[in-house]
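I opened my notebook to look up how the chains of this model meet. My entries follow in the order I made them.

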Amino acid sequence: MPTFVYMTRCDGCGQCVDICPSDIMHIDTTIRRAYNIEPNMCWECYSCVKACPHNAIDVRGYADFAPLGHSVRVRRDEEKGVIAWRIIFRNGSKDMDLLAPITTKPWGKHIPQLADVPPPSQEMRDSQLLFNEPKYIRLDDGDLHTLESNGLKMKEGVYY
Amino acid sequence: MAYKTIIEDGIDVLVVGAGLGGTGAAFEARYWGKDKKIVIAEKANIDRSGAVAQGLYAINCYMGTRFGENKPEDHVRYARIDLMGMVREDLLFDMARHVDSTVHQFEDWGLPLMRNPKTGAYQREGRWQIMIHGESYKPIVAEAAKKSADKVFNRICVTHLLMDESKQNRVAGAVGFNVRTGNYHVFKSKTVVVAAGGASNIFKPRSVGEGSGRVWYAPWSSGSAYGLLIRAGAKMTQMENRIVLARFKDGYGPVGAYFLHLKTYTQNGIGEEYESKWWPQLQEMVGAEYLDPEVSHRTHRPIPTCLRNHAFISEVNAGRGPIHMVTMEAFQDPHLEEIGWHNFLGMTVGQAVLWAATDVDPKNENPELTTSEPYVMGSHATGCGAWCSGPEDVSPPEYFWGYNRMTTVEGLFGAGDAVGGTPHAFSSGSFTEGRLAAKAACKYIDDGKAGGIRVSDAQIKRLQAEIYKPMEHYRVYRNEITAGTVNPNYINPRQGLDRLQKLMDEYAGGVTVSYMTNEKLLNIGLKKMKMLEEDLEKVAAENIHELLRAWELKHRHLTSEAVLHHTLFRKETRWPGYYYRGDAMKLDDENWHVLTVSRRDPDTGEYTMEKAPCYHLVEA
Amino acid sequence: MVASNPFAELSALIPPAVMQAYVVLMILLVIGGTLLDVMHKKSAKYFFERGQTLKKLAKREVSSAEKIRLGVSTVANEVLASGEFDNPDRRRSHLFIMYGFVIFVVTTGILIFGLPAAEGETAILVPLLWHLGALMICIGGYWFWFKIRVDVRSEGHQWYDVHLSDLFIVSLLMMATFALLWSLLESVVGGLLADIALFIFIAAATTLFSTVFWSKFAHMFYKPAAAFQKKVAKADGSRDKLPDLPELTDPLVKQRYPDIPEYMGDNPPYMGLGIKREAPNHY
């Protein structure tokens with residue numbers, strides 16, 4: 001279901017060009033509006049659809065197996081932190097709205113700036129621990145699992 | 001061409017590819033290297049790149065030690081049986097013991113992890129999977145990486161690794177080009193973490209036109225993880241272990257939540273359960289150690305993914321297709337129905353589009369399933385990738401050479417799809433592997449292993465000429481023809497990709513041959529692959545976008561060649577349902593309970609193959 | 001200089017009647033070009049059929065009074081304020097060009113049809129506005145050409161890279177630029193230089209108004225139509241097949257989508273901007 005762009009909605013702002021993971025949303029040099037230059041490299045990931053400020057991008061199911069007449073449209077609202085979907089069947093029998101959270105916290109505010117956290121001790125550097133460990137492994141006082149702690153060893157051969 | 005050369009010097013940790021593995025590496029590197037220069041080179045826009053660009057509805061690797069659910073070794077045993085024994089258990093154990101700390105941080109950062117209202121624990125989809133509202137999974141982890149990195153270079157297609165000229169077999173950075181400006185980028189770095197993607201689109205897809213974009217694994221996953229490493233002379237492992245997926249037909253929508261959470265099941269075209277009737281025959285092929293339905297039933301030991309594929313493929317070939325997913329029972333519950341749709345919208349919107357287009361309401365009809373074309377990657381139920389060192393406290397001597405997740409090239413680390421023998425890492429495990437690699441890379445530098453690296457201008461100039469050669473070639477030979485794409489002196493990237501896909505499909509066990517190959521076919525395949533390699537010297541790019549496709553194709557080609565060599569080397573059928581060696585249809589533990597390891601000589605292009613011992617985690 | 005009517009002096013060379021005929025001809029060319037464009041591209045038919053499709057999805061009827069209100073709002077937001085542009089720079093540049101153009105065209109008409117000038121005083125205001133209009137076109141236009149057009153998220157063209165699709169903007173800019181130059185030269189030095197400027201001015205204007213069919217001039221007619229249709233689709237509940245984005249604190253919404261209060265809290269916080277925080281130029 002490659003993407004396509006509505007002529008009446010696109011203003012050529014380039015948000016889709018910027019976000020497309022496949023590098024296939026580009027600006028047409030004649031009409032200076034966006035379009036999908038390589039539909040068979042489109043994963044229908046909807047990244048551009050969600051990014052478009054004008055809802056100018058839509059998707060039409062892949063021609064080799066999807067009949068015409070359906071609609072799956074989306075609005076991703078970062079400020080509210082939700083994504084809304086609407087699915088309409090080809091025969092019109094289903095017209096369904098869905099809504100889901102996409103974040104539980106303001107964007108980026110709770111991601112640590114690791115340059116500012118206290119540096120690891122030499123002991124920690126020599127250990128097998130990563131940042132925030134062992135605390136974050138179990139969120140209690142438990143330590144990292146090792147072969148010893150779990151009563152294991154590595155053995156060559158055929159074992160199941 | 002007026003493209004500029006932009007040199008970024010003095011990098012300590014260069015992260016190539018910022019999907020889940022790369023974002024994990026960049027994030028963690030800052031903790032262990034407060035003053036180190038950390039740089040990311042990403043082919044797309046880090047906010048939506050990699051296989052998780054469109055989101056995920058589940059985190060498929062979470063132990064739940066916090067809730068007393070599983071221990072790391074349980075996951076190792078699971079991955080071991082699912083991959084028919086062929087895994088790197090040191091790496092798996094290491095990933096599993098750290099992965100929960102990754103997931104708990106994700107929740108802190110705002111990723112909506114669902115909870116089970118009764119237990120308060122995370123909502124399990126299956127034993128290892130937890131459910132999330134993960135539409136913004138990628139932007140969230142990207143934010144973490146951006147906070148840690150000194151610089152993020154977006155839209156850089158990294159084509160080659162730079163090699164040190166003062167010490168053999170040591171990495172010195174990477175080069176590539178900007179797919180928008182066309183500029184040549186040189187990254188001089190003490191260490192490199194290759195966290196690029198596995199390979200979609202190397203086997204001919206089932207779809208024929210536009211639909212070939214609806215690959216199961218992202219079309220932009222161009223096997224660069226392997227292309228970069230193989231070209232640098234790193235040893236690779238388990239490259240024969242490609243994966244075939246049983247998925248909803250055409251849209252390749254995920255089935256995990258359907259099986260595990262929604263409790264749907266499969267049946268053949270005439271409404272029968274079909275899997276069990278194939279078990280006796282299959283048991284003869286692989287042995288009771290790998291398939292014992294009774295034991296599986298009693299102990300909940302899973303039946304390996306490939307073997308379930310085998311039953312699927314065999315049933316269809318016996319004329320009793322199509323295989324259906326029985327959804328009509330579960331979907332009568334409107335809550336479950338909604339989860340079914342969210343599941344698609346959260347990670348494979350295309351499947352929802354297809355159902356909308358064909359009026360498939362799973363409440364009223366049972367949708368069709370299919371088995372996909374094969375994919376080469378290392379973080380799902382498959383473990384292709386580089387031969388990497390494990391952690392000091394777990395790995396036996398054959399698996400350890402100083403730094404966790406370091407490849408056989410010094411200073412060159414892997415994460416995610418790049419690391420071989422570590423299936424079932426998925427998103428969270430890949431992020432965790434990135435973290436492990438980053439810590440090790442910092443240690444490598446702190447230990448003074450990266451001193452005196454020298455990169456000559458000659459090397460930089462040589463690679464520059466190589467990178468832009470497809471554009472140069474196009475300009476010169478375009479003069480030969482009036483118009484169009486048919487030219488006796490070049491092929492364009494799409495034509496090259498078509499050739500590669502057809503070749504791999506027919507000789508290496510793709511869908512049109514029902515995943516069957518043998519020594520003769522593989523040898524023909526290798527011969528043709530050499531010719532393709534020669535022709536790829538004549539691949540032509542009309543513009544920068546095509547240059548991107550040309551280099552993706554070159555990486556896919558290197559990946560494919562490794563797949564052929566490995567498949568030829570392993571003279572057995574280890575994973576029926578993934579592929580079959582028609583000339584060795586049985587699993588052969590006596591000779592092949594080993595990991596396959598290859599190296600391509602960077603100078604001659606010759607392959608050498610070897611067996612590496614397979615260690616298992618057992619009770620002490 | 002800027003307060004005098006440049007056409008007054010020109011009437012010594014070209015009779016006012018000819019100038020007036022030229023203006024009428026240009027108006028006719030625009031009308032003809034637009035009609036041809038609409039007929040040839042069948043855009044009117046497209047809008048009609050699209051409207052019918054959306055009507056089927058409509059949840060309610062939109063009254064005529066409401067349609068008038070939507071029409072007015074389209075005029076106020078899209079037509080008069082270029083509200084359809086998301087990029088603030090493009091919006092400002094477009095406003096400059098649009099208002100400059102309107103002022104320029106209207107004052108040209110007034111100046112030319114006011115000829116021959118009555119004895120005595122001529123109004124200073126209209127010539128002032130005429131110059132202002134041309135200047136505004138230049139400000140918006142060159143801003144667009146040198147700052148905005150070159151960077152359509154890195155896919156822009158270099159300023160010297162001109163395409164057929166630039167017919168509209170180039171002829172518009174040429175017209176305004178050489179109108180100003182002509183007026184300037186005429187009042188300062190006169191002679192051949194002024195005549196050359198005049199010639200380019202007339203050539204550019206003729207190009208601009210006679211190539212509606214090939215240029216994007218017609219966008220001023222269908223853009224408002226599209227904007228109006230969007231508003232109707234919103235009002236009648238069909239929402240162009242887009243989903244609703246409800247208020248998260250609405251009890252009905254919480255009941256329908258329990259995961260929202262469950263994971264975001266009863267009163268979800270303002271999340272700020274995520275991906276959209278950074279300008280879309282990641283390359």
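This is a predicted model: local features need pLDDT of at least 70, side-chain atom pairs count only at pLDDT 80 or more; totals for chains, interfaces and linings use all residues.

Entry one. Strand 8 of chain A, residues 152–156, is joined to strand 20 of chain B, residues 615–619. I found five bridges between them, and the two strands run antiparallel. I then looked up which residue faces A:Glu156. B:Tyr615, in strand 20 of chain B, stands opposite A:Glu156.

Entry two. I turned to the whole contact between chains A and B. On chain B, 83 residues are in contact with 77 residues of chain A. Which helix of chain B gives the most to the side that touches chain A? Helix 3, residues 89–109, does, with 10 residues. I sorted the residues on that side of chain B by kind: 31 are nonpolar, 23 polar and 29 charged.

Next I looked up where chains A and C meet. This contact takes 40 residues from chain A and 33 from chain C. Several elements of chain A each supply at least two residues of the side that touches chain C. Among them are helix 1 (15–19) and strand 2 (25–27). Strand 5 (71–77), strand 6 (82–88) and strand 7 (95–101) of chain A also belong to that list. The side of chain A that touches chain C divides into 16 nonpolar, 13 polar and 11 charged residues.

Chain C has a mean pLDDT of 88, and 95% of its residues reach 70 or more. For the complex, the predictor gives an ipTM of 0.97 and a pTM of 0.94.

Conventions. Residues are numbered from 1 along each chain as its sequence is written. Chains are lettered from A and ligands numbered from 1 in the order in which they are written. Two residues are in contact if their C-beta atoms, placed from the backbone, lie within 7 Å. Helices (H or I, at least four residues) and strands (E, at least two) are DSSP runs, numbered from the N terminus. Ala, Val, Leu, Ile, Met, Phe, Trp, Tyr, Cys and Pro count as nonpolar, Asp, Glu, Lys and Arg as charged, and the others, Gly among them, as polar. Two strands pair if DSSP finds at least two bridges between them. pLDDT is the predictor's confidence in each residue, from 0 to 100.
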